[in-house]
Amino acid sequence: MDALDGNVIGGLLIDVFGAEMTAAGSTCGTCGATRPVAELVVYRQAPGIVVRCRTCGNVVMVFVTRHGVTGIDLSGLASLSEPGSALSGGQDPGHGCLRTGTPK
Amino acid sequence: MERTAVRGRLTWQTAAVTSVTRETASVVTIQLDLPDWPGHRAGQHLEVRLTADDGYQAEREYSIASAPGEPLAITVERLEGGEVSPYLTEELRAGDELELRGPIGGYFVWEPGDGGPLLLLAGGSGVVPLRSILRHRHRAGSDVPAHLLYSARTWPDVIYCDELDKDYDHLQVSYTLTRSQPPGWTGYTGRINQALLAEVAWPAEARPLAYICGPTSFVETAAAELVGLGYPPEKVKTERFGATGGH
């Protein structure tokens, strides 16, 4: 299956961040490339969702949802720029675990 | 209104199917009635969820085909071996219910104030969100010129054919058929490439906005070639979906 792009995880990102994030700016923590989240490379066939930098290919975000809880790893990102979001520019995104839905 | 909604929460809602219209042998447009639909922007998508009798659930994203202000509609292509699209394209009938949530997306969207000229590149059913943009442009009375280049396998695979032919002012539509062409075909043939784009795309000096939607390989070729023609990358918006081959 081909890689998709960040548009396809728009719904998941609303679940996780509480805001529309596909138009937010991202900065790769490895190479420093900046681009809208919508233009990142997204692989969904893995057990989770893996998001990679389109410039250097390094992993910038990973989302794994199990029993209604989404674990997120944003340690490959230097920043997300959406103003007013939980993770504004300059802050270390780090790791987190958010409850995003009703356990099935 | 905004204060009554839970900010940032997408909730599943049950829509009533008001009509199912066959567009091609493998594509239908599904019109939906959803009393609490908050409205959408041209180019956005939504998620559909099907639940089997045993509780198994499958979710898929579908581009919204209608313009803001029109009754909500999605256009769905049947993917062989798919979990959701065969049901939507073959089984679903007017009067049925469909679970969905949205609208989703803030990047691959166009508003009349964004201007143009618009270069819209569609690979197969990638034409769906571009149709929403064209309808929005038409309904808003925008005179932004637009050029749609639509790549399809064969002529019978072209979606919205009559509408694209008749309904829009200041729109030029070019087709390229990649697999076979009807007798007397005068349009383009073969996959999108640099020579084709150099011929049909607005020159970069016109400061066009490009929207490309289709299978991943189509989008990546088209986007790279437009940048090669001098389009600034930030003026080339892309949306990829899983390849179905042939575009």
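**Figure legends: chains A and B of a predicted model**

**View 1. Contacts and overall form of chain B.** Of the contacts in chain B with a separation of 6 or more, 71% join residues 24 or more positions apart; two residues are in contact if their C-beta atoms, placed from the backbone, lie within 7 Å. The model is predicted: local features need pLDDT of at least 70 and side-chain atom pairs count only at pLDDT 80 or more, whereas totals for chains, interfaces and linings use all residues. Residues are numbered from 1 along each chain as its sequence is written, while chains are lettered from A and ligands numbered from 1 in the order in which they are written. Chain B contains 5 helices and 12 strands (DSSP runs numbered from the N terminus: helices are H or I, at least four residues; strands are E, at least two). Its C-alpha atoms fill a box of roughly 50 × 45 × 30 Å along the principal axes. The radius of gyration of chain B is 18 Å, which agrees with the value near 18 Å for a compact globule of 247 residues (taken over C-alpha atoms; the rule is 2.2 Å times the number of residues to the power 0.38). Of these 247 residues, 44% are buried, that is, with 20 or more other C-beta atoms within 10 Å of their own.

**View 2. The two domains of chain B.** Chain B is divided into domain 1 (13-104) and domain 2 (112-241), with bounds from an automatic or database domain assignment. The domain centres, taken over C-alpha atoms, are separated by 24 Å. To the contact between them, domain 1 of chain B gives 16 residues and domain 2 of chain B gives 13. On the domain 1 side, β1 (13-24) and β5 (73-77) of chain B give two or more residues each. That side comprises 7 nonpolar, 6 polar and 3 charged residues (nonpolar: Ala, Val, Leu, Ile, Met, Phe, Trp, Tyr, Cys and Pro; charged: Asp, Glu, Lys and Arg; polar: the others, Gly among them).

**View 3. The interface of chains A and B.** Here 19 residues of chain A are in contact with 19 residues of chain B. On the chain A side, β1 (4-5) and α1 (10-17) of chain A each supply at least two residues. The most come from α1(A), with 4 residues. By class, the chain A side has 9 nonpolar, 5 polar and 5 charged residues.

**View 4. Confidence along chain A.** The average pLDDT of chain A is 84, and 77% of the residues score at least 70; pLDDT is the predictor's confidence in each residue, from 0 to 100. In chain A, confidence is highest in strand β5 (residues 49-52), at a mean of 97, and lowest in strand β9 (residues 95-99), at 56. Residues 83-91 of chain A stay under 50, and the model has 13 contacts for them beyond four places in sequence.

Conventions:
Buried ≥ 20, exposed ≤ 12 C-beta atoms within 10 Å, placed from the backbone.
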